[in-house]
Amino acid sequence: MNRVLTRRDFLAGTAAAATMMGLPIGPARAATASSVSLGDAEVLVVSDGSLTQPMSFVLPDRSPEEIAALGLPADTLHPDCNVTLLRTPDRLVMFDAGSGPLFQDTVGALADNLAAAGIDPGDVTDVVFTHAHPDHIWGVLDDFDELVFSKARYFLPQAEWDFWRSDDAFADLPEERASFIVGARNRFDALEEQVTLIRPGEEVLPGVEAVDTAGHTPGHMSYVLHGGGDSVLVTGDAILNAVISFERPDWRVGPDQDQDQGAKTRTALLDRITADKLRIVGFHLPHPGIGTAERAGSAYRFVAG
Ligand SMILES: [Zn+2]
C-alpha cells in the first residue's frame, strides 16, 4: 500500500507559498487517499468520515461480558466510512457515494477529501452502489439537491431498487428507519435518468464483477475488481467490523436488515476471501479498510495492509 503524495505535496507547497505571502492557511491535512495497484489500474480509498453507533444497536443480543471479551467498547462504536475508487486508463469508478451533508455530523467529508486527493467529482465516470443505506447513497446529492457526480452513470442492484420503492420497506423496517426509505427514494428519483439496474454475477463494467451479498439489505452486493491477474473485493457492508465480523461472523448484528441471512452471507464471503486470498476494502473497517483475512481457529482475523 502506498500513499498518494501528489496532492498532499501540492497542498504543502501551497501552504508554504501562502505563509510566505502572509495569507491565512487551514489546518494541516493528513493524507486523504490510500491506494493499491491492480494491473494497469489503481484502487484508491477516500474517507467520508465516521459514523456514531450505540453498541446496543450494533449487538442487541449480546451481554456486556461477551462484548468486553472481544475487547470492544461498551457504549459506542465509531466505524469509518471508506469510499473505494477504481482508476483505469479510461474510467474513474466510485463504489458508493458517502453520506452527504444530511445524515450525521461526523460523516459527509467525501467531497473535501476527494478535492484533497486531487479528484474532481466531474471526473467520476461511474458510481456503483453496494446498497441504498444513507451512508452509501445520500452523498449523491449536495446541499442544493443537485447530483454531485453530475457526469456519472449510476449502477444499482435491481433488488435494492425494488425493495426501497416497495410498500414492503415500510412494513419490514422499524419506524425509526422511515427516513432511510424516504432518503433512498429521493436519491433514486434524482438519478433515475442515469441509472442502470444490475443483477448478481453481471460484469457491471470491464473488470467489475457483481457478487450477491444480500442480508445486510435485500439487494446488497459486493464487487470483485479484476486486473493484471489480481483481484480486490469491495465488500460494502457484508463485513462490518474488524473484530465482530471476523471473530464472530455468525453473530446477528443490528445493522443487518435480515440478521440471519447477513450472518450466513458474511461467513460464506469470509470463506471465499480466505480461500482465494482476496485483498478486500471494507467500507466500515478501520480506514482505509484495506487488508486480507486469515483463518484463526474456527473463525477469522482481519489483517490490515
Ligand atoms: Zn454502511
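A salt bridge is a side-chain nitrogen of Lys or Arg within 4 Å of a carboxyl oxygen of Asp or Glu. This is a predicted model, in which local features need pLDDT of at least 70, side-chain atom pairs count only at pLDDT 80 or more, and totals for chains, interfaces and linings use all residues. Residues are numbered from 1 along each chain as its sequence is written, and side-chain values use heavy atoms, with hydrogens and water left out.

There are 14 salt bridges in the structure. One of them joins Asp126 to Arg91, with 2.7 Å from N to O. Asp126 sits in strand S8 (residues 126-128) and Arg91 in the loop between strand S6 (80-87) and strand S7 (92-95), so this pair ties together parts that are 35 residues apart in sequence. Helices (H or I, at least four residues) and strands (E, at least two) are DSSP runs, numbered from the N terminus. As for accessibility, buried means under 20% relative accessible area, exposed over 50%, and partly exposed in between (1.4 Å probe, protein chains only). Asp126 is buried at 0%, while Arg91 is partly exposed at 25%.

Next up are Arg165 and Glu192, whose side chains form a salt bridge at 3.5 Å, N to O. This pair links distant parts of the chain, 27 residues apart: Arg165 belongs to helix H6 (residues 158-165), and Glu192 to the loop between helix H8 (178-191) and strand S10 (195-198). Arg165 is partly exposed at 31%, and Glu192 is partly exposed at 38%.

Arg272 and Asp276 also pair up in a salt bridge, at 3.5 Å from N to O. Here Arg272 is partly exposed at 28%, and Asp276 is partly exposed at 45%. Finally, a network of salt bridges links Asp61, Arg252 and Asp260.
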